[in-house]
Amino acid sequence: MQHKIVRIPIAPFYMINAYLVISDGGAIIVDTGLPGSAPRFLTALKREGLRPTDVRLIVVTHAHVDHAGGAARLRELTGAPILAHREDRCFYAQERPVHYCPTGPFGRLFKASGLASAAYDGFEADIELAGAEVFSLLPFGIAGSVRHTPGHTGGSLSVELDDRNMLVSDLISSGILLGGIIRLKTPKRPPFEDDPALVAMQLQSLLDVGGQHFHIGHGAMLGRQQIARHIQTLERLSR
């Protein structure tokens, strides 16, 4: 089954990305952007000849505001269930503030600004994964699965498609500062990351199952060689 992956620019210059994954059998949203991002999704759906009700599932890869902030509103508009991981529940339910582990000066500055900790409409996941559970997307018309890939946050998820496209959100980024802008094919750590050694393991596992094209939350799509190079960087950091 072939998929069409549509990048939805939440911020310009590849700084924040969300995605539509479309096949003949259905469409899913992967990440929901900042609060107020719903019109961008509606525009993308219309451009693809789809209605909001054609969306069959909303995958929230982790609870940071730029990925989960629009989830509650998109569920209202589409009627699609939200899938997320239990490890991030206290954050996406807005029960307590997200904790951030900066990876460098920009992350520390961004954290201090308070922008990363902006509140959004909390939600309960309709489908909540636990542990290393793998969730098939076939019932939603997509040949692939959602798997737990912790390291960026405890509940981070990735979408693994059978055509070797991987939507890995913030396991890796490219560009500068938040991500994007320039140097789009240069992999780097995102501004925040809980455990670089664990991220390296998750990325390697996605390479091991044949991942070829890695679609990311901040920056442009990366290939196998760039992912492998970044894994080596993370492993050096962890020694």
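Which residue in β13 does N165 stand opposite? In this predicted model, local features are reported only at a pLDDT of at least 70 and side-chain atom pairs only at pLDDT 80 or more, whereas totals for chains, interfaces and linings use all residues. Residues are numbered from 1 along each chain as its sequence is written, and side-chain values use heavy atoms, with hydrogens and water left out.

The residue that stands opposite N165 is H213 in β13. Helices (H or I, at least four residues) and strands (E, at least two) are DSSP runs, numbered from the N terminus, and two strands are said to pair if DSSP finds at least two bridges between them. Strand β10 (residues 165–169) pairs with strand β13 (residues 213–216) in the parallel sense, over four bridges. M166 has F214 as its bridge partner in β13. F214 in turn has L222 in β14 as its bridge partner. The strands β13 and β14 run antiparallel and are joined by two bridges. Together they form a hairpin with five residues between them, and G219 in the turn has a positive phi of about 120°.

These strands belong to an open sheet of six strands, in the order β7-β8-β9-β10-β13-β14, with mixed pairing. Because β7 (134–136) and β14 (222–223) stand at the edges, each with a single partner strand, one side of each is left without a neighbour in the sheet. Elsewhere, β3 and β4 run parallel and are joined by four bridges. There, A27 stands opposite V55 in β4. Four of the five residues of β4 are buried (under 20% relative accessible area; exposed means over 50% and partly exposed in between, with a 1.4 Å probe and protein chains only). Strand β4 is therefore largely enclosed by the rest of the structure.

The interior was described through nonpolar cores, each a set of buried Ala, Val, Leu, Ile, Met, Phe, Trp, Tyr and Cys residues joined through side-chain atoms within 4.5 Å. In soluble globular proteins, nonpolar side chains tend to be buried together. The largest nonpolar core comprises 38 residues, and L20, I58, V60 and F123 have the most contacts inside it. A second, separate core of 17 residues includes V59, F135, L157 and L167. With contact defined as heavy atoms within 4.5 Å, and with neighbours within four places in sequence left aside, L20 is in contact with K4, I5, V6, I8, I28, I29, A44 and L45.

For charge, Lys and Arg count as positive and Asp and Glu as negative, while His and the chain ends are not counted. A salt bridge is a side-chain nitrogen of Lys or Arg within 4 Å of a carboxyl oxygen of Asp or Glu. Although D31 is buried, it has no salt bridge, and R7, the nearest side chain of opposite charge, is 12 Å away. The side chain of D31 does make a polar contact with the side chain of S169, at 3.2 Å. A polar contact is a pair of N or O atoms within 3.5 Å; within protein, one must be able to donate a hydrogen and the other to accept it, and residues adjacent in sequence count only if both atoms are side-chain atoms. Beyond its neighbours within four places in sequence, D31 is in contact with A18, F41, V59, V60, T61, H62, H67 and S169.

By the salt-bridge rule, the count comes to eight. In one of these, the side chains of K4 and E48 meet at 2.7 Å, N to O. This pair links distant parts of the chain, with K4 in strand β1 (residues 4–11) and E48 in the loop between α1 and β4 (55–59), 44 residues apart. K4 is partly exposed, with a relative accessible area of 44%, and E48 is partly exposed at 25% relative accessibility. The side chains of D54 and R51 also meet in a salt bridge, at 3.4 Å, N to O. In this pair, D54 is partly exposed, with a relative accessible area of 23%, whereas R51 is exposed, with a relative accessible area of 54%.

A further salt bridge joins R75 to D126, with the closest N and O atoms 2.8 Å apart. R75 lies in helix α3 (residues 71–78) and D126 in the loop between α5 (105–113) and β6 (127–129), so the pair ties together parts that are 51 residues apart in sequence. R75 is partly exposed, with a relative accessible area of 23%, and D126 is partly exposed, with a relative accessible area of 45%.
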